[in-house]
Structures are given as structure tokens and as C-alpha cells.
Amino acid sequence: AHLDRIGATDDAIHAFLHVDADGALATAREADTRRAAGDEVHPLAGVPVAVKDVITTKGLPTTAGSRILEGWVPPYDATVTKRLKAAGLPILGKTNMDEFAMGSSTEHSGYGPTRNPWDTARIPGGSGGGSAAAVAAFQAPLAVGTDTGGSIRQPAAMTGSVGVKPTYGGVSRYGLIALASSLDQAGPVTRSVLDAALLHEVIAGHDPCDSTSIEGPVPAVVDAARRADVQGLRIGVVRELGGEGFQADVSARFTEALALLEGAGAEVVEVSCPSFEHALAAYYLILPSEASSNLARFDAMRYGIRVRPDGVDDPSAEQVMAATRDAGFGDEVKRRIILGTYALSSGYYDAYYGSAQKVRTLIARDFETAFQQVDVLVSPTSPTTAFPLGDKLDDPLAMYLQDVATIPANLAGVPGLSLPSGLASDGLPTGIQFLAPAMADERLYNVGAALE
Ligand code: GLN
């Protein structure tokens, strides 16, 4: 049914870069056969999933939304992919995204944009717009995304879906094509909080292949989603993540959601995290710095396309590399490589990268202080509803501002969950975001399920 739905709707939506009908059907049939034989199978065995194209899948093309990786078929599975397969989830295919996960609208994909199923003239958010649109368009019941500065939560908000960025280190990064290694984290995109919890438990857990992977038990997120009890829970509204710059409707739906939580017995207070004001600036130094270093591996020798420079008979390796990177990388990727190499260059390192790291510490301290006062923090996920395609393409700063509320969690490594908070007067979904202390992901599922 999901493959049919993809066939019927994906010309209009373009959520998928690659569909693996045969592979998905074979896995689904295997789950059926095993269940019929009375084998013990995972509850999600046979439930299809869509996977963001930044996560490697053995034998299936993986491009990270970039032309530079066109035609690359990874020889190995990411740990996330391995775990999906081990639990018996059929992988429907790979979803579209901003190139190397840089963007907030999926318009920076090297393969054309994804459209929002609520209004195909609008963007689905980004960078994981494909995963969110696939879920919202009923092409897939479950999807996996990655979130470096909001790329799971913001598209979830813009498509009326649930999206979770787990605690940094909660889900293995092995086999994720790295954007910014100290910020990247994979997580679920679904239509309900309980679905997200079920998928979270499939992909999470310690992995020796990722040196930043947390040792210790996976938070009991499914139990928490079933509990859905906020009686006496202290919820802190972050003063700095709302108000000015937020669409009036987004703020109105947010206030209504808080009233519902109070009605269910939660205590809602305001807290201040003064350093959050500088989070966006720090992120847009740290992220390009790490990205410029991570993207050095695309050297025309090891992966993807190789372009010969025009009019050169016997090109050097460096000329081939330059021609390949020129043709294979899009404008946003080039912009960030230049920013990152500049911020890291000698003479500027302390002023830019060094200062940004100090701000990062202040942000982590703000979270610590806030979590001494409250159990979870809350804010709107994104300042606006989905905007029309092309609206912010010529204005990188306007695009970056989309992430103002989601970025602090990545800088501090804490988990975040976005869920729908009702429609704005333009008929488009809004999102509300909860944040919890590191390794307390279950709190998000408890409060999310209570509000749902
Ligand atoms: N939109 C943010 C950026 O462009 C976040 C990206 C992400 O989370 N992958 O960097």
C-alpha cells in the first residue's frame, strides 16, 4: 500500500530519491512468513520505514542530496540501518534532503526540492524535508532523519509530524555521512509520539563503532509514551525562544498548548536562558568549521563522481579535485566550506572558532541552570509555518533564522521532540518543541504523549 501511495503521489511531492520496491516487499514478506510460523519477531517487523539519504544503506544508492555522490552505492550499512534491518523493518527507500544536510527547506538538494504535502507550493522544512513529507503524505508510516541544528524537528513542525532528536550519543553516528560530528544525531519522524518511541528504541543503544556513543541503557521511551502523565511536571517556557520574530499564529497555538498542559496538571513557569541569544551565531561558526573538515574527504578519488577539467590534457590530481568539487557541490555547501576554512584559519581561529566554543559552554550551563528549576523546557519549534518555495533562497541569513529555537539543543547535546500544536490561520501546521536534560529522553515522550 505504501509503495502504491508513493507511486501515486511522489511526482508531486518528490520525497524520495530512490525507492527500493523489491527489497521492501521481500523484507515485508519475510516478516509475514516468520509471524505465521510463530517465530518471535519485533513488533515493528514488516512496518515500512523511509531513510534519509545521508544514512548509508548497503547496496542502495546514498547521495546525501549531493551530485558529488551521484551513483555511489555504499558497501556497508550504517548502524541505524543495521538495526532497522535486524528488527525486520522494510526500507522503502531513501529520502530527499538539503545537500549534506545544510538547509532548512530541502531546496538545496542537488536533485530538486521536496514539496510540502499540505500545500505543494510550499517547502516541507529541512534539511530532512523528504522524510517528513513522506510521513505526512502517508507514503511511509515511519521515517528516520538526522538533526544537526533542527533538521528532524523543524520539518516535523512544518508537516504536522512528530520528530525527535535524541540525546547526543544516544543513537550511533556510524555510517551517517557527517555534517558536523559534534552536533549530528539521527532520530525518528512519525505521525504519533508512540510511533516515534517505538522507532527510537529500535535505532538507539551503544555502538562500539561510534566513539561518542553512550554506554548504558536506552531511555525507556515507549513506557514513557504510554504513561502520558504530566501531573506535577514542571515545564519551563524559554523566554529567549519566542516572542519577537515568531509568527503571531505560531505563538497563539503555543500558548493554547501550554494551557492544555496546565489543565492536565503541569506547572508552567517562565525561565531565562540568556546565552541562547548567541546560539545561532555560535552554531554558524562551529557547523561550517566541522563541515569544511568533514567534506575534505570528497576529493574525487575515493567516492562519487570524477570530473576532468575542461581544456587540460594531462590534469593534475589537484585540478581534477577542483573541477569535481566545483561541479559536484552546490552553492550552500561551497558557502559553508569557505566560512569554515576561514573561521579555522590561523590568526582567526581564536576570534571565531574559539569564541564560538566558549558560547557553546555558556549555552550548556544555561540548560543546566534551567533544568535545576524545571523538568522540561518548551518553545515553538520554528518561528514560522512552511514558507513558499523560493522565498528565502536568495537570503541565507533568513534561512538560518529558521533554526533559532532548535539549535541550542544540538550545541548542548540535549534531546528535543517536536509535535504538532494545531493549524495556523493559513491552514498550515505549527509545532511545539520540548527539551530535556541529556539522557532523559523519556521525559519528552511522556509530555509529548500527554499533549497529543
Ligand atoms: N538548518 C540547519 C542548517 O542548515 C540545520 C541542519 C541540520 O540539522 N542538518 O545547518
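**View 1. Where domain 1 meets domain 2.** In this predicted model, 27 residues of domain 1 are in contact with 23 residues of domain 2. Helix 13 (396–400) and helix 14 (407–412) each supply at least two residues of the side of domain 1 that touches domain 2. Of the elements on that side, helix 14 gives the most, with 3 residues. For orientation, domain 1 covers 2–240 + 251–271 + 375–451, while domain 2 covers 278–355. Their C-alpha centres lie 27 Å apart.

**View 2. The largest nonpolar core.** Let's look at the 133 residues that make up the largest nonpolar core, in which V49 and V376 touch the most other members. Both domain 1 and domain 2 give residues to this core, so it lies between them. Zooming in on V49, and leaving out residues up to four places away in sequence, you will find it touching L84, L89, I91, L92, A140, L142, A143 and V144. As background, nonpolar side chains in soluble globular proteins tend to be buried together.

**View 3. The annotated active site.** An unreviewed UniProt entry lists K52, S127 and S151 under "active site". These residues span 100 residues in sequence, yet no two of their C-alpha atoms are more than 10.7 Å apart, so they gather at one spot.

**View 4. A closer look at K52.** K52 is found in strand 2 (residues 49–52). Is K52 buried or exposed? K52 counts as buried, because it has 32 C-beta neighbours inside 10 Å and the cut-off for buried is 20 or more. Apart from neighbours within four places in sequence, K52 is in contact with T95, M97, G128, G130, S131, V144, G145 and T146.

**View 5. A closer look at S127.** S127 is found in the loop between strand 3 (91–95) and helix 4 (129–136). With 34 other C-beta atoms within 10 Å, S127 is buried. Which residues does S127 touch, not counting residues up to four places away in sequence? They are M97, D98, A101, M102, G103, T106 and S151. S151 is also on the UniProt "active site" list.

**View 6. The shell around the ligand.** Here 13 residues surround the ligand, and the closest are A101, S104, T148, G149 and S151. The shell divides into 4 nonpolar, 7 polar and 2 charged residues. A101 and S151, both among the closest to the ligand, are also touched by S127.

Key:
Residues numbered from 1 in each chain as written. Predicted model: local features only at pLDDT ≥ 70, side-chain atom pairs only at ≥ 80, totals over all residues. UniProt positions renumbered as here; feature names shortened; annotations may be inferred. Helix = DSSP H or I, 4+ residues; strand = E, 2+ residues; numbered from the N terminus. Buried ≥ 20, exposed ≤ 12 C-beta atoms within 10 Å, placed from the backbone. Contact = placed C-beta atoms within 7 Å. Core = buried A, V, L, I, M, F, W, Y, C linked by C-beta atoms within 7 Å. Domains from an automatic or database assignment. Near = placed C-beta within 6 Å. Nonpolar A, V, L, I, M, F, W, Y, C, P; charged D, E, K, R; others polar.
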